[in-house]
Amino acid sequence: MVPGVKLVVLGKQGAGKGTQAVALSHHFVVPHIATGDMLRSAVRGRSELGLKAKVIMDRGELLSDEMIMEMVSERLCEADVRARGFVLDGCPRTAHQAAMLDDLLDHDTLDAALDIEVPTAEVLERLAQRRVCSDCGTNYSTSHPPRINWTCDICFGEVVQREDDTEDAIRVRLDLYERETAPLIEWYKVRGQLVSVDGVGPPDLILRRIVDAMEEHSGKRYAP
Ligand code: ADP
């Protein structure tokens, strides 16, 4: 079996992080941990965290590092993660989160920090077209809708536009990405953990590029 992996996925909103993180979690047989999905599920469940998170998420702003890292550290302690690793999608997003994650992982145990590179003009177009299943989070777009009437092909949930995919919230999120998250690319590069991949093209091809680039980076073989 392919070895497990500890991987964080960076990239602008709309770069395809979620799509590739799901595909990578299947490829490496490790859990996909997506902070945005965890928060949206807390919003749907109307938990205390969810009620706080909703207002901040709808504005496109970031939750506090402490709130996020508490949620992530709990998940990282679970047995499935301890057995094979994880694909962490949406965290870290700030230098403080990256340092806290490093502490949680006992330093230097990440296999790679993956940066999926897509030009801003392209992500803006993708985000305007993005639609998502409100139950399972599967992504669609106006050019690749589900088969039947905005009903999810996988779980039959309702496929909608995300509440934070408005023009204003997208602008805030991309600004925050440049200010808070993009500097992490250099941070991981200096530590020899960065793997950058061109994220323009069909999802299958991008997955292939990622696995190839990770093999080249680690010298390990990651084909199934
Ligand atoms: P996107 O990458 O398109 O912004 P996500 O689904 O990853 O979407 O995240 C949605 C929202 O959840 C973010 O805009 C932010 O409000 C919140 N969020 C997710 N991850 C984090 C994080 N690591 N730190 C702070 N806020 C976060």
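Predicted model: local features only at pLDDT ≥ 70, side-chain atom pairs only at ≥ 80, totals over all residues.
**Stop 1: around Gly90.** Gly90 sits in the loop that joins strand S3 (85–89) to helix H6 (95–104). Show its contacts. Leaving out residues up to four places away in sequence, Gly90 touches Val9 and Thr35.

**Stop 2: the cis bond.** Stay in the loop between S3 and H6 and pick Pro92. Look at the peptide bond leading from Cys91 to Pro92. That bond is cis, with omega near 5°.

**Stop 3: Thr94.** Select Thr94, again in the loop between S3 and H6. Is Thr94 buried or exposed? Thr94 is buried, with a relative accessible area of 7%. The side chain of Thr94 makes a polar contact with the side chain of Asp65, at 3.1 Å. With neighbours within four places in sequence set aside, Thr94 is in contact with Leu62, Asp65, Glu180 and Leu184.

**Stop 4: two helices.** Colour helix H4 (residues 65–76) and helix H6. Two packed helices are described by the angle between their axes and the distance between the axes. Here the axes of H4 and H6 come within 10 Å and cross at roughly 25°. Angles under 35 degrees count as roughly parallel, and H4 and H6 are therefore roughly parallel to each other. Their crossing is right-handed. Which residues make the contact? From H4, select Asp65, Glu66, Ile68, Met69, Ser73 and Leu76. The contact of H4 with H6 has six nonpolar, three polar and two charged residues.

**Stop 5: Trp150.** Move to the loop between strand S6 (139–141) and strand S7 (159–160), and select Trp150. Check its backbone. Trp150 has a positive phi of about 55°, yet it is not a glycine. Trp150 counts as partly exposed, at 33% relative accessibility.

**Stop 6: Phe156.** Remain in the loop between S6 and S7 for Phe156. Phe156 also has a positive phi without being a glycine, and the value is near 70°. Phe156 is exposed, with a relative accessible area of 65%.

Definitions and conventions:
Residues numbered from 1 in each chain as written. Heavy atoms only, no water. Helix = DSSP H or I, 4+ residues; strand = E, 2+ residues; numbered from the N terminus. Contact = heavy atoms within 4.5 Å. Axes fitted to C-alpha atoms, helices over the stretch in contact; angles between N-to-C directions. Parallel < 35°, antiparallel > 145°, perpendicular 65-115°, else oblique. Left-handed = near helix turned anticlockwise from the far one by under 90°. Nonpolar A, V, L, I, M, F, W, Y, C, P; charged D, E, K, R; others polar. Buried < 20%, exposed > 50% of the residue type's maximum accessible area, 1.4 Å probe, protein only. Polar contact = N/O pair within 3.5 Å; in protein donor to acceptor, adjacent residues only side chain to side chain.
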